[in-house]
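These are my notebook entries on a structure that I looked through, chain by chain. I record what I looked up and what I found.

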Amino acid sequence: MRWGLLKILVVLCLGLALCAFEVGTVWAVSNEDCLECHGDPDFSTELPNGKVRSLYVNPDRFKASVHGVNEVSCTDCHADLSELDYDKDVPHKVPAAPVSCGDCHDEEQSAYESSVHASFRKQGKKTAPYCFNCHDYHYTKHLEALTVEERADKFCLKCHDPMKIHAWLPEKKLHFKHVGCSVCHAPETGGEVALRLYDVAKGEFLSGEKLLKVLKVDYDNFAKHFDKDGDGKFSADELSQLVKVLRKNKIHAVVRGEFVVKYDPSLHAIVKDKAVKDCDACHSANSSFMQKVYLVVSKKDGTAAKYPVDNKALSSIYVSDFYAINANRVPWLDIIGVLIVLGGVAFAGGHGTLRLLTIPLRRKDK
Amino acid sequence: MKRIYLHPLPVRIWHWIHAACIVLLVLSGIQIRYADHIHFMSLKDAVNFHNIIGIIVSIDFLLWFGYYVFTGKIKTYFPTAEEILHGAIRQIRYYGYGIFKGEPNPFHPTPDNKFNPLQKGAYMTIMLVLLPLQIVTGIILLDVEKWSYIVDFLGGIKVVDAIHVLLFFFFASFIIAHFYLATLGHTPLAHFKAMITGWEEEPEEHH
């Protein structure tokens, strides 16, 4: 009796699964279907104002995007276009419904809701960005490997000129090179220090690929290769060793530091009034941004390998292209300094004392 | 008493502007470097103040340099071979020994040759090497991005900063020593007076 019931259940399930499969093959539209028209580089439409709008989607670039790689299909985003009717000139409805990235990226969406941009949009300001005005949509890439400047260029600088604002901040260009916009503008997320190797001779960051090729190691063994004390973290000495090995291979690199925002959905809560403005938030030894430090090695797909670094290494002279006044002073400079000043004091004090003590001597002579 | 007109007016004005600026630069420099321990001024005010004074002192230095090169007075800073070989030793012996016994200073300033061999060596290094280096590194730090190619060449901002900071300690030490040495005239205040009135008094010597 029990076996009979089970058999029926199994058959039922198989049937259901088959049905589902059937429905899928019959109705679901594949990317190839869409690309039959939209994969043609010249595919475009003329707008009422006479301008031509390209409707081309580059299949190879789409396949290489994060969404392509993760098998997100055209109709996952263009959910309203999931049926094609070839009897019509245009086989789907036009205009298409706006794509809602937040359907999948719900954490980003909810952080975004509390951003200045969302509130400007709610007030009817259409130029304030939604997800895909900042990000690409078809060719979205991972962003972790981007440097602070690249991030600013690709995102905020499309619409804002930070040099015209922030009048209160000295050395603006320098700050914007070493501090990501979101570090200050998404203060709830928090930040960390990203150290990267900057090739001074070439004037560019050393890519992860090139670095590992020169060192003849892979991403997994890179840190172990230098981790002489086996604590799983880069120390100042280990960093200096890395720079020296590169120099032997004719690559003149310095270690540059940047404050970057943590790679977390909450970074989308961009604010204005609560943005970091206090110099001490960064320019102090216990700055919250200095607690976590990583050596960032880029990967080809836009992600990055992050190797932990002992945060004491920040005050080493070897992290030579990063000095946030006060926060990472080099300790031995201060010691030398005290000795220099004491030297002056000792000279004046010693000579002066001798002069006082020898007053009687000079009196006698006279 | 013999009176010599040692410091013409422009030199005195220059000296005191310079003195005030260096003291203010050292003080604001301390505030900038140790903002977490010293809370006299906000970092921002200290940076702005330091920048303004730094620009003033740089202009002051250029004026001085122009004046000294143009009038040929710059030569007073270059020691002669005799001074390097013998004068310096004479002077060291005096400061290290003779002065305590009340011996007369072996060096007698004249308006054209007002520095003793040790002063020449020290001031030449300071005015023609260390101060210019401090001004150059200061100007780089004023707008690091503008000079990024130099900064990169030197190895990064921390290197430039280290040079600037070591010189800052040197100048702090120099102020102390300089102030003390200024009390070594024939009376403790003689040199100070001279730097105000221009006239240095020298005791008459009996040969």
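**Entry 1: Ser284(A)**

I looked up Ser284(A) and found it buried, with a relative accessible area of 11%; buried means under 20% relative accessible area, exposed over 50% and partly exposed in between, with a 1.4 Å probe and protein chains only. The model is predicted: local features need pLDDT of at least 70, side-chain atom pairs count only at pLDDT 80 or more, and totals for chains, interfaces and linings use all residues. Residues are numbered from 1 along each chain as its sequence is written, chains are lettered from A and ligands numbered from 1 in the order in which they are written, and side-chain values use heavy atoms, with hydrogens and water left out.

I located Ser284(A) in the loop between strand 5 and strand 6 of chain A. Helices (H or I, at least four residues) and strands (E, at least two) are DSSP runs, numbered from the N terminus. The side chain of Ser284(A) makes a polar contact of 2.7 Å with that of Asn286(A). A polar contact is a pair of N or O atoms within 3.5 Å; within protein, one must be able to donate a hydrogen and the other to accept it, and residues adjacent in sequence count only if both atoms are side-chain atoms. Leaving aside residues up to four places away in sequence, Ser284(A) touches Asn326(A) and Ala327(A), a contact being heavy atoms within 4.5 Å.

**Entry 2: chain A overall**

I counted 16 helices and seven strands in chain A. The radius of gyration of chain A is 31 Å, whereas a compact globule of 366 residues would have one near 21 Å; the radius is taken over C-alpha atoms, and the globule rule is 2.2 Å times the number of residues to the power 0.38. The C-alpha trace of chain A spans about 125 × 60 × 50 Å along its principal axes. Of its 366 residues, 37% count as buried.

**Entry 3: cores**

I next asked which residues have the most contacts inside the largest nonpolar core. They are Leu195(A), Leu211(A) and Phe222(A), in a core of 39 residues. Such a core is a set of buried Ala, Val, Leu, Ile, Met, Phe, Trp, Tyr and Cys residues joined through side-chain atoms within 4.5 Å. Among the elements of chain A that each supply at least two residues of this core are strand 3 (191–199), helix 12 (208–215) and helix 13 (219–226). A second, separate core of 23 residues includes Tyr77(B), Phe115(B), Met127(B) and Ala172(B).

**Entry 4: helix 3 of chain B**

I checked the length of helix 3 (residues 81–101) of chain B: at 1.5 Å a residue its 21 residues should span 30 Å, and the end C-alpha atoms are 28 Å apart, which agrees. The expected span is 1.5 Å times one less than the number of residues. This helix has a kink of about 50 degrees centred on Tyr95(B), the bend being the angle between axes fitted to the seven residues ending there and the seven starting there. Tyr95(B) is one of the buried residues of the helix.

**Entry 5: backbone exceptions in chain A**

Most residues other than glycine have a negative phi, and most peptide bonds are trans. I noted a cis peptide bond between Val94(A) and Pro95(A), with omega about -10 degrees. His166(A), not a glycine, has a positive phi of about 60 degrees and is buried at 19% relative accessible area. Lys250(A) likewise has a positive phi, about 65 degrees, but is exposed at 73%.
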